[in-house]
Amino acid sequence: MKDFARQAIGRVRRYVSDESRYGHFFLFLPVWIGTGAAIWFSIRQPPSPVALGLAFGCLSLVLSRSVRGTAGHIVLWSACLICLGMLLAAWETWRASTVILDQPVVTTVTGVVERREQGASGEWRYTLRVTQTVQPSIRRPPGRVSLLARSNHVAAEIGEDLTGRARLSPPSGPALPGLNDFAFQSYFAGIGAVGFFLGPPEARAATNGNAGDLATRFDAALFSVRDSISHRIRTVLPGDPGAFAASIITGERRSMSQEATEALRVSGLAHITAISGLNMALAAGIFFVGLRGLLSLFPSLAHRYPIKKIAAAGALMATTGYVLISGYQVSALRAFLMTAIMLGAVLFDRPAVSLHNLALAATAILAVQPSAVMGPSFQMSFAATAALIAGYAGWRARPRAIIPPPRSLPMRIAASGAKFVGGTLATSLIGGIATAVFAISHFHRLSTHGLEANLAAMPLISLVVMPSGFIAMLLMPFGLDAPFFWIMGQGLELVLAVAYEVSSWGEGYVFPRLPDIFMLGSIAGMLLLTLLRTPVRHIGTAVIAATIVVTWSAPRAPVGELSISEDARLVALKVRGGEATAIAINRARPAAFIFDQWRPVLGIEDAIPPAMLPFGPLPPAPERELRQGFLPEQRKAAQDVLDALHMSAVEGQFVCIKQACTIKLNNGATLMTLERPDLVGMACDRADIVVLSARTHMQECRSGALLISETSLRATGSLEVSGLDGDLNAIKVVPAYAGPPRPWTAHRLYDWRSGSTAPEHALPEGLLKTKQAPAGTLISDSGG
C-alpha cells in the first residue's frame, strides 16, 4: 500500500513537472485573476485596496524567494494573482464611479445624444449624456441615461441635443434574490438611469459646450458612421432580414421583431446576432484567405514578399474596422482581442490557434474590465473557445486513419462534404456542452434542439451570409453594395426559417435555481479538462461527474412560498396541493420582464390569475391626507370595502378589487396587497401581512401585522419568504440585498434630504422580528 501511494505521488509530481515544462500553468493566469475579481464583486464587504495592496506586495516578495515549480511556488503564485484580481476589480469600480439615480422621478431632461438605435416598431432608444434636468432639478443627476422615445418625432442625430419630459428610474435590481442584478451591469456601463419620454422629444443643434474632448468627438463620429451603416442596411433589406444583418455587422439588435428574437433564442441561434468570436473569426478568415488568394495570383509578388503575413496584417486592419463600427460591445472587444492575438501570432511565426493566445486575450480583458467575469457573455465565450481549441488539439493528436484517402474526384468531394458536416457537428456539440452549465445557471433554460438548428444554419452563415456581407461592406463606399446585401438577406431569410421551424419543436428544458456548487464545480472541472495536457487533466472529468451527482442527488432546497418584486407590484404565492407547481399572482397581466425571470426559478407550471370581485371601488384619496385625513363618510366607505374584501379571501387565488387584493395563506392568515398608502392603516387592522406598492412613512403596523412596502423594499430589494405554514413570527425572509452597500447598490439607500447614504441594507422594523437569511441564498420551508 505504501509503495502504491509512493508511486502515485511520484506520478503526480512528474505530471506537474510536465505541465510546468509545457507552460500550461500560464493558462491559469486569467483564471486566478478572474477568481479574485469574482470574489471581490461577490462578497458583502471586500478588503480595502490598501490591505489588498499590502497583501499583494508581501505575497510577491515571498514568491520571488520560493523555488520555482514546487507546490509552494504554485500556491503563492495563485494567491498573488487572486489578490491582483481583487485589486483590479476595486480599481475598475473606482474608475467607473457611475452616479445611479436614487428613486423614480418625472423631469425635463436635456442631454447630448451619444448613441441611438431604432426599434422594430419605429421607436428610438437614445443614450444621452445629461447636461440639465429641470422641473424638478435633480440634486444628484446621473451622468448618462438610456431613454425610449415611442412618440412620432424627428429622430435626433448623434451629437445633437435632445430634450423632453421623461420618467427616469434607477436600473432594476434582481427580480428575486440571487438572480441577475441589472444595476451592476448599468454601473459598469456608465448608465445611471433608464426610462422613457412622456411625449415627442425635441432635437436641436448641439451647443459649442457639448463638443467635448478629442476622444468624445471621435466617439461621436464613429457612432455616426455606425448609425449610417445600420440605416443603409435596413433600407436595402427591410424587415427582420435587414435587422438581422444590422445586428451581425454593427451590433444593433433592437430593430428585430420580438417574434424573430424569441425564435432565435429558443432554437439556440441567438449567438449569431451578437458580434462575438464566430463573427470576428469569419470576418478575419474571409479577408485573410481572400487577400492571400488574390496576392498568390501574382507569382513574382508571392515569391518576393511574405504574402501570408501581408494577408494577416490586412485581416487585422479589417477586424479593427469591424470592432470600431460594432459599438464597442463587450463580446466584440473580446473577440477582437482574441483574433488580433492570433493574427499577430501569424506575423511572428507563432501558432495562431492556441490556448496561450486565448489566455492572453482573457488576461487583457480582465486587466481592463474585470467586471466582465461576472457576465454570461465572457464565461460562455471563453468556455466554448477553450473547449474547441482543446478538442481540436485532441483531434490532431489522434492516430492516423486506417482507411486510405479517396483518389477519385467524386469520392474526394464526398469526403470533403462529410468532413465539413462532421466538423460542424463536432463544433456545435463541443460548444453546446461547454456553454450548457452557464445557460442553466444564468438563464435557467437549455435548448434541446440547438444542435440541429446550428447544423442547418451555420453553413449558411459561413458560406453565404458573412462572405456576402463582407463584400457588401467593402463596396458600400462605391454604392455597389445592394446586390450583395440582397444575397446576405436571402441567407438570413433561410436562417430565420430554420429558427422558426426549430423553435416550434419546443422551448427545451427549464431548470430551477441550482446551488452554487453546480456552477463552481463544473467550471473547475472544465478548466482542468481543457487547460491541462497530461493525464492529470482527467481529474476534471471526475470533478464534473461528482458535481452533477451531488447537485441532482442532494435534497433540493425549495423556493420560498411568497415572492415579492422590488416595487411590490407583483406578488406570487405558492399554492398547496397537486403535482404541478401552481402560483397565485395578484396581477392579471404581470410585467413580463419580472415574471419571465420568476417562471423557471420558481418552477411555475401554472399561474393562477386573480379573480375580480363585483363590489367597490374604494373612495378616492383625500387631498393633503396627512393634514385632514378622510371625512367620516369616506372612512366608513373605505372600511366597508376593505372588510368585504378581507372576508372574501380564499386559499389558492387572489381576489381583487381595483387597487387592492387579498388571499388566504395555508395557515389561515390573510395577506393583502394595496396600492394606496392612505389605506395602509386600515389594511394593517384586517390582514396579517400587508404588501404596499407605494411609498409610506410607516415602518410597521401598530396591530402587529407584517408590513412590506415599496419604501422598505428600496433597501432590501425583492424578497422571498418561507415558513408561512406555521407561526408568522418565525417566518424566514431572504432579501436581494443585505449588509453594507456596494457602489452599484448605494443609490438605494441614498437620502436626498440629507445627501447621505445609509450604512447598510436594513430589513424593515416588522421583518427584523423574523428569521433572516443572507442575500441570494436558497431558502427552505422549515423556516429554520
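**Surface patch, core and sheet**

Author: Leu294, Leu297 and Phe298 make a nonpolar surface patch of about 330 Å². The model is predicted: local features need pLDDT of at least 70 and side-chain atom pairs 80 or more, while totals for chains, interfaces and linings use all residues. Residues are numbered from 1 along each chain as its sequence is written, and side-chain values use heavy atoms, without hydrogens and water.

Reader: Where is Phe298 found, and why does Phe298 count as buried, partly exposed or exposed?

Author: Buried means under 20% relative accessible area, exposed over 50%, and partly exposed in between (1.4 Å probe, protein chains only). Phe298 is found in the loop between H9 and helix H10 (299–304), and counts as partly exposed because its relative accessibility is 46%.

Reader: Which residues touch the most other members of the largest nonpolar core?

Author: In soluble globular proteins, nonpolar side chains tend to be buried together. A nonpolar core is a set of buried Ala, Val, Leu, Ile, Met, Phe, Trp, Tyr and Cys residues joined through side-chain atoms within 4.5 Å. Here the largest has 53 residues, and Phe244, Ile248, Leu269 and Ile461 touch the most other members. H16 gives the largest share, nine residues.

Reader: In what sense do strand S15 and strand S16 pair?

Author: Strands of a sheet pair through backbone hydrogen bonds, either parallel or antiparallel. Strand S15 (residues 660–664) and strand S16 (residues 670–674) pair in the antiparallel sense over five bridges; Ile663 has Leu671 in S16 as its bridge partner.

Conventions. Helix = DSSP H or I, 4+ residues; strand = E, 2+ residues; numbered from the N terminus. Patch = residues over 30% accessible without salt bridge, like charges linked within 9 Å, V, L, I, M, F, W, Y side chains within 5 Å. Areas by Shrake-Rupley, 256 points an atom, 1.4 Å probe, with all protein chains shown as cover. Salt bridge = Lys/Arg side-chain N within 4 Å of Asp/Glu carboxyl O. Pairing = 2+ DSSP bridges.
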